[in-house]
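Subject: Structure for your review

Dear colleague,

Please find below the sequence and structure that I am handing over to you. My notes on what was found follow directly after.

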Amino acid sequence: MRKTTTALALALTLVMAGCGDDSVLNDSTSTTSGETTTEPAAATTTTTGAPTTTTLPPTTTESPAVACEAAGGIYAAEEGDGGVCFPAGAITAEEYAIRKVDLDDPDGGLRVWSGPGAPGKKVPQEDKYVETGVIPPYADGVMATGHATPDDLWYYVQYGGFEGWARSAFLAPAGSGGPLPACMAGGAAPIPSGAPGLTEITGDFDGKAGEDTFSVYWDGTEWVAHLRTAYGYHSEMPTGHTGLAPGTGPEVVAAFGYDFEADGQDEAWVYDDSPASGEIWSTFAFFNDGCTLTHVTHQTTGTPQYWVVGQTVTHVDSMSCYVNGVAHYNGAANGVDTYAGEAQEHWYSYEDGVTAEWVIIDGIVWNTADGDVIPNGFECP
Ligand SMILES: [Ca+2]
């Protein structure tokens, strides 16, 4: 680590000199003037010319940059005078990978700068620093040197022959993301900025680690389900839920993610708030094979599966998650939360399969007459 730090300090000095940064020149200028001023002082205090009183301690002639780098720090010089010293050892020096940067990122990847953002700022100080390079999306082998801003928003990194400051939010420990997924190129367009009715949930919807975002929004005509993976891949499809434009009627909402069959891949739940029949729920799954978001369908009918949940005047419906599926209860209402007489309990097993091209929902119906009190709603662990 010490070796790295020393080499780094040297490299930075070379870079600064190579870029024509005038801080190095200023350093030598100030050193010269310092020496000049010592001579008259020496002359007045040593009138008989004692030659041994002429030198100042070396540390007072070093610029902040040189002192910083000599101590293993990184000095971010600003335009004009001054700069900031970031000491070594703020974070562990280790290898990172780039995450959450889209393949089609307009910058071509993660931009690296000669200095970090101001404290608390997630954007670089473009008026003070310059871009030193761009690290491609999903690149591995990004070396963090151990220097970081106190707010932890910026790390100093080395990659592919250049180095500088990068946003820590886009750095993940090497290997933490597992193998790169197949669904990395192409895909749908990102959600338009300011899309109305937007709701978002997070989870591991592609099973590739990292935090994916599942959203529902109004595209001007209908409610659309949209998945953005941690790798920046986008997939979307209509929810199929009826609803009106935001603010004018029932809206469709992204509710939560849940991994039914514990295969490491969350399924996303959506509902619309229908005043006539309570809530109507359905679920979406992402398939890495085809890189597509899919509406979970009924095995027999082949159509998207919807479940009614909630209390109406004459019926009560509720649903619970189980190990690999859901149980849906419905029956005549008897008070707010209880079924009157015979209720039905429908079990829907769920299997998306590793290689299956469609989702299987299998409905099995059997009657119960226990009249148990069942929560009026949808409960998932
Ligand atoms: Ca799953």
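Four strands, in the order 10-11-12-13, make up an open sheet with antiparallel pairing. Strands here are DSSP runs of E with at least two residues, helices are runs of H or I with at least four residues, and both are numbered from the N terminus. Two strands are said to pair if DSSP finds at least two bridges between them. Strand 10 (199-203) and strand 13 (234-238) are at the edges with a single partner strand each, so one side of each has no neighbour in the sheet. From one strand to the next, the twist averages 20° (axes are lines fitted to C-alpha atoms, for helices over the stretch in contact, and angles between N-to-C directions run from 0 to 180 degrees). Strand 12 and strand 13 are joined in the antiparallel sense over 5 bridges, and Ala 225 has Met 237 in strand 13 as its bridge partner.

**Basis of the model**

This is a predicted model, in which local features need pLDDT of at least 70 and side-chain atom pairs count only at pLDDT 80 or more, while totals for chains, interfaces and linings use all residues. Residues are numbered from 1 along each chain as its sequence is written.

The pLDDT is the predictor's confidence in each residue, from 0 to 100. Its mean for the protein is 75, and 69% of the residues reach 70 or more. Over residues 1-50 the pLDDT is below 50, and this stretch has 34 contacts in the model beyond near neighbours in sequence. Residues 353-360 also have pLDDT below 50, with 11 contacts beyond near neighbours in sequence. Where pLDDT is low, the predicted coordinates should not be read in detail. A contact means that the C-beta atoms of two residues, placed from the backbone, lie within 7 Å.

**The protein as a whole**

The protein has 4 helices and 23 strands. Of its 381 residues, 34% are buried. A residue is buried if 20 or more other C-beta atoms lie within 10 Å of its own, exposed if 12 or fewer do, and partly exposed in between, with C-beta atoms placed from the backbone. Among contacts with a separation of 6 or more, 53% link residues 24 or more positions apart.

**The nonpolar cores**

A nonpolar core is a set of buried Ala, Val, Leu, Ile, Met, Phe, Trp, Tyr and Cys residues joined through C-beta atoms within 7 Å. The largest such core has 31 residues, and those with the most contacts inside it are Val 216, Ala 268, Val 270, Trp 281 and Phe 284. Among the elements that give two or more residues to this core are strand 11 (212-218), strand 12 (223-228), strand 14 (252-258) and strand 15 (267-274). Strand 16 provides the largest share, 6 residues. Another core, of 26 residues, lies apart from it and includes Ala 65, Val 157, Tyr 159 and Trp 165.

Trp 281 stands opposite Trp 307 in strand 18. Strand 16 (residues 278-287) and strand 18 (residues 307-311) pair in the antiparallel sense over 3 bridges. Strand 18 also pairs with strand 19 (residues 315-322), again antiparallel, over 2 bridges; here Gly 310 has Asp 317 as its bridge partner. Leaving out residues up to four places away in sequence, Phe 284 touches Ala 225, Ala 268 and Val 270, among others.

**Individual residues**

Val 142 is in strand 6 (residues 142-148) and is buried, with 23 other C-beta atoms within 10 Å. Residues up to four places away aside, the residues that Val 142 touches include Ile 98, Val 157 and Leu 171.

Ala 262 is not a glycine, yet has a positive phi of about 55°. Ala 262 lies in the loop between strand 14 and strand 15 and is exposed, with 8 other C-beta atoms within 10 Å. Cys 291, likewise not a glycine, has a positive phi of about 55°. Cys 291 is in the loop between strand 16 and strand 17 (292-295) and counts as buried because there are 20 C-beta neighbours inside 10 Å.

With kind regards
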